[in-house]
Amino acid sequence: MEFADLHIHALYGVDDGAKTEAEMRQMIDASYADGVRAVCLTPHFHPGYFGDNFERINDAYSVLQEYVRRQYPALQVSLGNELRYSKGCIRWLEDGRCRTINRTRYVLVDFSERESGRGIVTGLECILSAGYIPILAHAERYAGLAAGLQDIRQLRENGVVVQVDIQSPGGGFGWRLARRARILLANHMADMVATDAHDLTKRPPGWKNGYRYLLKNYGEGYTEALCRGNALQILHSNSSEENANGSNRL
């Protein structure tokens, strides 16, 4: 199985992910060894925490591209951001300061874990209304969406893509997140998994254990869609068609 990871913090010196160029290379080495053949780097876009990191991201990405060109010609790399939703964030997307996934209309977006369910729904609807397709990052983390599945069901019907961290279902982040992730997966309300890797120790880019768990519990077809198929569809999506439809095609 070859994997596609659309949520990883491997670019060095730009957020709370890789700290050095060496660590960045090691994270990519580990991802490739696990079977990743498509990766979208998604540094945080959160000006309040990380300042204006636009140029630092470009510089680190150029270094990464050269490393991948020499070491892993079979690895497809692209660039995006993980947008922290806040008032006025649509402007950052429209002026290009916050990058969408591989220049498509898809945007990876997260919220404070303390945000209410209504606040998350309202924020995602705002992004949809602006013509973008939000990918809700690590959906299992939000207690405000955990009381039932109705909000998630409605969001997906409206076009939101739901991402779960691959470590969560097997208990890598504790039993509460495992339970929430398993509920989403059992009801086929997760669209893709990703590592959300930040380093090589506490949050490494490990796929194999998570993949085995998914395959055992949810079957080959759904696991392939979660680990590869839907992510590749996003990476290669036709932005004009997506925007015209106003919904995703997953």
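Histidine 44 stands opposite glutamate 82 in strand β5, where strands (E, at least two residues) and helices (H or I, at least four residues) are DSSP runs numbered from the N terminus. The structure is a predicted model, in which local features need pLDDT of at least 70 and side-chain atom pairs count only at pLDDT 80 or more, while totals for chains, interfaces and linings use all residues. Residues are numbered from 1 along each chain as its sequence is written, and side-chain values use heavy atoms, with hydrogens and water left out.

The pairing of β3 with β5 (residues 82-84) is parallel and extends over two bridges; two strands are taken to pair if DSSP finds at least two bridges between them. Both strands belong to an open sheet of six strands, ordered β3-β5-β6-β7-β8-β9 and paired in parallel. The edges of this sheet are formed by β3 (44-45) and β9 (192-194), each of which has a single partner strand, so one side of each is left without a neighbour in the sheet. Helix α5 (residues 117-129) packs on the sheet and touches β6 (106-110) and β7 (133-136), contact meaning heavy atoms within 4.5 Å. The direction of α5 makes about 145° with that of β7, with axes being lines fitted to C-alpha atoms, for helices over the stretch in contact, and angles running from 0 to 180 degrees between N-to-C directions. Helix α9 (residues 220-235) lies across β6, β7, β8 (161-165) and β9, and runs at about 100° to β9.

A further open sheet consists of three strands in the order β1-β2-β4, again with parallel pairing. Its edge strands are β1 (3-5) and β4 (76-79), each pairing on one side only, and the twist averages 10° from one strand to the next. Within this sheet, β1 runs parallel to β2 (residues 36-41) and is joined to it by three bridges, and aspartate 5 stands opposite valine 39 in β2.

In total, the protein chain has 10 helices and nine strands. The radius of gyration of the chain, taken over C-alpha atoms, is 17 Å, close to the 18 Å that the globule rule gives for 250 residues, so the chain is as compact as a globular protein of that length; the rule is 2.2 Å times the number of residues to the power 0.38. The C-alpha trace spans about 45 × 45 × 35 Å along its principal axes. Of the 250 residues, 54% are buried, a term that stands for under 20% relative accessible area, with exposed meaning over 50% and partly exposed in between (1.4 Å probe, protein chains only). Among contacts between residues at least 6 apart in sequence, 76% join residues at least 24 apart.

The largest nonpolar core has 63 residues, and those with the most contacts inside it are Leu11, Leu41, Leu83 and Leu136; such a core is a set of buried Ala, Val, Leu, Ile, Met, Phe, Trp, Tyr and Cys residues joined through side-chain atoms within 4.5 Å. Helix α3 (residues 54-71) supplies the largest share of this core, six residues. A second, separate core of 16 residues includes Ala38, Ile135, Ala137 and Leu232. When residues up to four places away in sequence are not counted, the residues touched by leucine 41 include Ile8, Leu11, Tyr61 and Leu64.

Aspartate 191, in the loop between α7 (175-186) and β9, is buried, with a relative accessible area of 5%. Its side chain makes a polar contact with the side chain of arginine 156 at 2.7 Å, a polar contact being a pair of N or O atoms within 3.5 Å; within protein, one must be able to donate a hydrogen and the other to accept it, and residues adjacent in sequence count only if both atoms are side-chain atoms. The C-alpha atoms of aspartate 191 and leucine 226 are separated by 5.8 Å, although these residues are 35 apart along the chain.

Histidine 198 lies in the loop between β9 and α8 (208-218) and is likewise buried, with a relative accessible area of 5%. The side chain of histidine 198 makes a polar contact with that of aspartate 16 (3.4 Å), and a polar atom of the histidine side chain lies 2.9 Å from the backbone oxygen of aspartate 196. Among the residues that histidine 198 touches, those up to four places away in sequence not being counted, are His9, Glu23, His44 and Arg203.
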